[in-house]
Amino acid sequence: MCIGLGQMFKKDNFSGDFWGGTAAMLVALPAAIAFGVTIYAVIGGHYGAYGAVAGILGVAAMGVVASLMGGTERLISAPSAPAAAVLSAFALHYISQDIGPDLVFVMLMIVALLAGLFQIGFGVIGLGKLIKYMPFPVVSGYLSGVGLYIIAAQSPIFLGLPQGTHFWDSFHIINAWQWQSIVVGFATIVSMFLADKILKNIPAVITALLVGIGVYFTLGLFDPALFQPNNAFVIGELGGSGGINFIDTFIGRFENIHYFSWNEMGLLFFPALTLAALLSIDTLKTCVILDSMTHSFHNSNKELIAQGSGNVVSALIGGMPGSGTMGATMVNISSGGKTRLSGLIEGIMAVVAFVVLGAFIAWIPVAALAGILMVIGFRMIDKHSIDLLKSRQTMLDFFIIVSVAITALTVSLIAAAGVGLVLAIVLYIVQQIGASVLYRRIDGIEARSKIVRGREEETLLSREGDIFSVYELHGSLFFGTANQLYTMLQEDLQSKKYIIMDMKRVQTVDLTAAHILLQIKDILHDRDGYLLLCRLPHKLPSGDDLESYFNQVGLLKHLSPIKVFDDLDDAIEWTENKIIKEGILEKKGENALDMSDFDLFRGRKEETLEELRNLAEMRSYKKGDIIYSEGEGKGEIFLIRRGSVRIMLPYVGRKSVHLSTLGQHNFFGEFSFLEGAPHYTDTIAGSDTDLYCISREAFDQFSKQHKKAALHFMQSLAAVLAERLRLTRSELGAEYDV
């Protein structure tokens with residue numbers, strides 16, 4: 001805290017922060033007074049005048065506390081439109097149920113206090129980053145609904161009708177409209193729209209308020225009743241004779257708390273939670289825009305703690321809650337504000353303005369405040385959302401926006417938030433259901449592992465390979481797409497013996513999808529088949545391990561007809577081996593090959609072969625033994641007499657990539673042999689393996705005496721390498737769809 005205060009009071013920042021904070025206060029204060037009057041005027045009596053005080057105290061508390069608690073640099077916090085809309089609707093609801101004004105007054109304080117505590121809780125448990133991801137249609141619809149609600153709530157005041165008159169009722173009592181109020185409100189609205197274009201250096205809200213006051217006093221020349229103190233057209237005296245006793249009102253709130261039971265307190269939790277969420281979204285939305293403008297980065301959770309602390313203090317001293325506000329923040333930046341000191345100065349200057357301008361505030365016309373709020377409400381409406389109707393893909397988003405806005409107007413703002421979230425969830429589920437979970441399907445005839453097989457085995461696999469299929473899945477496997485997965489596999493389940501599912505691209509799996517996989521496994525088991533799962537994500541976006549989840553739901557039972565592999569190639573290789581083992585070429589065990597059995601030496605004379613046997617070193621390895629690692633060796637080639645060898649490409653900090661598996665008749669290490677350099681791969685015995693090892697040095701000695709045999713060896717080696725390169729090109733083409 002001390003370091004933060006030291007940074008706030010640096011001399012090179014003070015001048016800009018002082019003028020930025022002062023200018024921001026001039027923008028925030030009139031709007032805050034209007035918001036406060038809107039909320040507390042619903043209660044009736046002297047509370048309308050108290051609303052002006054609540055707005056000013058809200059500016060002071062939010063500005064000072066949020067800045068001292070380490071809020072975002074340059075951000076200006078003050079009472080805001082969402083708070084005004086939610087709390088005025090809340091007050092109107094309970095007043096209509098014949099709850100006493102004094103109790104409603106206390107309930108407003110409790111809701112604001114709880115909202116601040118909820119915000120602090122959001123920040124402490126790290127919800128700051130999540131709140132920013134509230135679906136845009138919900139936020140847009142809610143803000144549009146708030147804007148329409150503000151316009152509807154302020155229209156009777158604009159028309160000069162008594163407090164408590166509903167929007168629709170105001171059109172049935174046209175004879176009660178007050179022309180003085182309409183003229184003042186209309187002049188304020190027009191000046192609010194024109195101020196940005198004509199007087200660019202003065203905030204529009206200041207210009208509009210001054211115009212409204214000027215028109216009011218001009219009309220007073222024709223109607224002397226307008227000069228009467230505390231008349232119905234102005235806020236009225238804030239304290240003293242004819243006004244409110246602020247100290248008694250302040251103390252009275254706490255004296256009335258004991259009238260509330262815990263059950264009644266519980267009724268206030270949901271409105272407070274809704275208010276906290278909306279104020280948090282409003283603040284973080286402003287912070288995101290501020291980051292993009294100033295190339296900075298805010299701490300969402302720290303900002304919520306600062307905002308919540310400001311709202312708690314505001315509620316305790318009698319102010320209204322608020323959030324980070326865009327208009328005042330932009331004025332702060334353009335006036336030179338650079339640090340949190342500007343927010344602190346905004347709060348302090350609000351107190352100064354209250355002390356100095358208290359008498360002046362009493363003469364502010366309520367119609368002028370209504371006009372300002374109606375323009376603010378109009379600007380909150382997302383007018384661009386109508387463009388969503390131009391595309392079928394976005395029509396449902398438009399439906400959510402309209403539904404939320406209508407609910408806000410016809411039911412309540414709290415219900416609108418719930419409706420918006422439910423519709424957004426439904427829309428997401430519909431979109432997920434409409435998306436295919438199949439990334440690619442490969443028939444067994446086309447799928448091949450990286451093991452290099454002989455002609456007889458390749459012929460068998462080409463003939464029998466249609467008994468398995470490879471399914472590469474992606475997206476979300478949940479109750480909405482589980483049936484799609486089953487339908488997609490239905491035909492293959494009638495004819496295939498092995499189903500391989502590659503789950504590398506899967507994002508989520510729920511219990512319904514796991515149950516479908518259980519059904520698929522059982523169907524395959526009835527045909528003596530297997531379900532093979534590979535590349536199960538060990539860390540889904542949710543943080544869960546998919547293999548652990550499948551174990552928990554009973555999918556991966558011991559001795560169950562289901563296999564799990566780390567790599568897709570391993571699953572295909574296992575399937576190929578099963579097909580070969582069960583096919584016509586059922587193996588009865590391998591015999592170690594002689595030098596004459598290799599194509600590289602086929603047709604050589606016996607004495608030549610005997611010399612080759614003498615220069616070759618025979619080696620044996622157990623399954624899993626490392627034959628050599630990357631960087632080892634000085635130019636050897638290995639011929640596989642018996643068993644198999646896995647060729648792996650190592651990566652630092654990553655899992656090695658399986659390049660190929662080689663069996664009898666094959667060779668490896670050829671690049672090291674040709675270049676006389678160390679090996680660039682790791683090589684592991686895939687089973688118990690016997691090898692011939694021929695070093696380049698020994699082969700060079702052999703080639704001096706048997707030039708023709710050495711040339712034939714090199715030609716055969718080049719032919720095999722060319723065939724491997726062709727196969728590699730085909731595999732890459734299949735992998736990347738080229």
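This is a predicted model: local features need pLDDT of at least 70, side-chain atom pairs count only at pLDDT 80 or more; totals for chains, interfaces and linings use all residues.
Figure 1. A salt bridge joins Arg463 to Glu464, and the closest N and O atoms are 3.6 Å apart. Side chains of opposite charge can pair when their charged atoms come close.

Figure 2. The side chains of Arg448 and Glu458 meet here, with an N to O distance of 3.3 Å. Arg448 is partly exposed, with a relative accessible area of 24%. Glu458 is also partly exposed, and its relative accessible area is 28%.

Figure 3. Arg613 and Glu610 form a salt bridge through their side chains, at 2.9 Å from N to O. Both residues lie in helix α24 (residues 606-615), where they are 3 residues apart and thus separated by about one helical turn. An α-helix has 3.6 residues a turn, so residues three or four places apart point the same way. Glu610 is partly exposed, with a relative accessible area of 37%.

**Figure 4. A network of salt bridges.** This view shows four charged residues, Arg441, Asp443, Asp492 and Lys496, which salt bridges link in a network.

**Figure 5. Strand β5 and its partner strands.** Strand β5 (residues 468-477) is mostly covered, since 8 of its 10 residues are buried. How do β3 and β5 run, parallel or antiparallel? They run antiparallel and are joined by 5 bridges. Arg440 has Glu472 of β5 as its bridge partner. Strand β6 (residues 498-509) runs parallel to β5, and 9 bridges join the two. Glu472 has Asp502 of β6 as its bridge partner. From β5 the chain passes through helix α20 (residues 482-495) to β6, and this β-α-β crossover is right-handed.

**Figure 6. An open sheet of 4 strands.** The strands follow the order β9-β16-β11-β14, and their pairing is antiparallel. The edges are formed by β9 (617-621) and β14 (667-668); each has a single partner strand, so one side of each is left without a neighbour in the sheet. Strands of a sheet pair through backbone hydrogen bonds, either parallel or antiparallel. Between β9 and strand β16 (residues 689-695), which run antiparallel, there are 5 bridges. Within this pairing, Arg619 has Leu691 of β16 as its bridge partner.

Figure 7. Which residues of helix α26 (residues 696-705) are buried? They are Phe699, Phe702 and Ser703. Around the axis these residues cover an arc of only 100°, which puts them on the same side of α26. Glu697, Lys704 and Gln705 are exposed, and they are carried by the face of α26 that is turned away from its buried side.

**Figure 8. A nonpolar patch on the surface.** The patch is formed by Ile348, Val351, Val352, Val355, Val356, Leu357 and Phe360, and together these residues have about 610 Å² of accessible area. One of them, Val355, is found in helix α15 (residues 341-361). Val355 is exposed, and its relative accessible area is 66%.

**Figure 9. Two aspartate residues with positive phi.** Asp98 has a phi near 65°, which is a positive value in a residue other than glycine. Asp98 lies in the loop between α4 (81-96) and α5 (101-124). With a relative accessible area of 71%, Asp98 is exposed. Asp528 also has a positive phi, near 60°, and is again a residue other than glycine. The loop between α21 (511-526) and β7 (530-534) holds Asp528. At 57% relative accessibility, Asp528 counts as exposed.

Conventions:
Residues are numbered from 1 along each chain as its sequence is written. Side-chain values use heavy atoms; hydrogens and water are left out. Buried means under 20% relative accessible area, exposed over 50%, partly exposed in between (1.4 Å probe, protein chains only). The arc is that of the directions from the helix axis to the C-beta atoms. Patches are made of residues with over 30% relative accessible area and no salt bridge: like charges are joined within 9 Å, nonpolar side chains (Val, Leu, Ile, Met, Phe, Trp, Tyr) within 5 Å. Accessible areas come from the Shrake-Rupley method with a 1.4 Å probe; for residues, only the protein chains shown count as cover. Two strands pair if DSSP finds at least two bridges between them. A crossover is right-handed if, with the strands pointing away from the viewer, the path from the first strand over the helix to the second runs clockwise.
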